[in-house]
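Please keep the sequence and the structure in view while reading.

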Amino acid sequence: QVQLVESGGGSVQPGGSLRLSCAASGFAFSRLSMSWYRQAPGKERELVASIIRTGGRTTYADSVKGRFTISGDNAKNTVYLQMNSLKHEDTAVYYCKATYYVGNYVNYWGQGTQVTVSS
């Protein structure tokens, strides 16, 4: 069974920075990608950034391009989300997702970590 453990959330003023971490247990060789999603109150969950395990290709939501950076450490089975120049609208619960292929595609989710941007 795959488990994702997130850390690094908290409160920060506008313009500040935070780094989220997501550590995955389980069989790394079958993991295709890891992603960060977020969900603000009253809104749908949205993709923030993703990274492919092999090759490291990344994808970002337009709203975070140039401010957020996703990176991975395959040796540690960990993905990071460096968030700079944070804005009020970045306030949300951030979730880590890992996608595996084991004959079919399977997604696992972390428990979520709160990020609050407030002055």
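In this predicted model, Leu32, Tyr101 and Tyr105 make up a nonpolar patch on the surface, and together they have about 330 Å² of accessible area. Tyrosine 101 belongs to strand E9, which covers residues 92–101. With a relative accessible area of 40%, tyrosine 101 is partly exposed, because that class lies between the limits of 20% and 50%.

**Overall architecture**

The protein chain contains 11 strands and zero helices. Read from the N terminus, its elements run β-β-β-β-β-β-β-β-β-β-β. The radius of gyration of the protein chain is 14 Å, close to the 14 Å that the globule rule gives for 119 residues, so the chain is as compact as a globular protein of that length. Along the principal axes, the C-alpha atoms fill a box of roughly 45 × 25 × 25 Å. Of the 119 residues of the chain, 43% count as buried.

**Aromatic rings and a charge above them**

How many aromatic pairs does a search of the whole structure find? The search finds three aromatic pairs. One of them joins tyrosine 37 and tryptophan 109 in an edge-to-face arrangement, with 5.0 Å from centre to centre and 65° between the planes. Tyrosine 37 lies in strand E4 (residues 31–39) and tryptophan 109 in strand E10 (residues 105–109), so this pair ties together parts that are 72 residues apart in sequence. Tyrosine 37 is buried, its relative accessible area being 16%, whereas tryptophan 109 is partly exposed at 36%.

Tryptophan 109 has a further contact: arginine 45 lies over its face, at 4.7 Å from the ring centre. Arginine 45 also lies over the face of tyrosine 95, at 3.7 Å from the ring centre.

**Salt bridges**

Side chains of opposite charge can pair when their charged atoms come close.

| Residue | Partner | N to O distance |
|---|---|---|
| Glutamate 46 | Arginine 38 | 2.7 Å |
| Aspartate 62 | Lysine 65 | 3.1 Å |
| Arginine 67 | Aspartate 90 | 2.7 Å |

Both aspartate 62 and lysine 65 are exposed. Are arginine 67 and aspartate 90 buried or exposed? Arginine 67 is buried, with a relative accessible area of 10%, and aspartate 90 is buried as well, at 0%.

Arginine 67 lies in the loop between strand E6 (58–60) and strand E7 (68–73), and aspartate 90 in the loop between strand E8 (78–83) and E9, so the pair ties together parts that are 23 residues apart in sequence.

In the salt bridge of glutamate 46 with arginine 38, the glutamate is partly exposed at 35% relative accessibility. Arginine 38, by contrast, is buried, because its relative accessible area of 5% falls under the 20% limit. Arg38, Glu46, Arg67 and Asp90 are linked in a network of salt bridges.

Terms used:
Residues are numbered from 1 along each chain as its sequence is written. This is a predicted model: local features need pLDDT of at least 70, side-chain atom pairs count only at pLDDT 80 or more; totals for chains, interfaces and linings use all residues. Side-chain values use heavy atoms; hydrogens and water are left out. Patches are made of residues with over 30% relative accessible area and no salt bridge: like charges are joined within 9 Å, nonpolar side chains (Val, Leu, Ile, Met, Phe, Trp, Tyr) within 5 Å. Accessible areas come from the Shrake-Rupley method with a 1.4 Å probe; for residues, only the protein chains shown count as cover. A salt bridge is a side-chain nitrogen of Lys or Arg within 4 Å of a carboxyl oxygen of Asp or Glu. Helices (H or I, at least four residues) and strands (E, at least two) are DSSP runs, numbered from the N terminus. Buried means under 20% relative accessible area, exposed over 50%, partly exposed in between (1.4 Å probe, protein chains only). Rings of Phe, Tyr and Trp (its six-membered ring) pair if their centres lie within 6.5 Å; planes under 30 degrees apart count as stacked, over 60 as edge-to-face and the rest as tilted. A charge sits over a ring if NZ of Lys or CZ of Arg is within 6 Å of the ring centre and within 35 degrees of the ring normal. The radius of gyration is taken over C-alpha atoms; the globule rule is 2.2 Å times the number of residues to the power 0.38.
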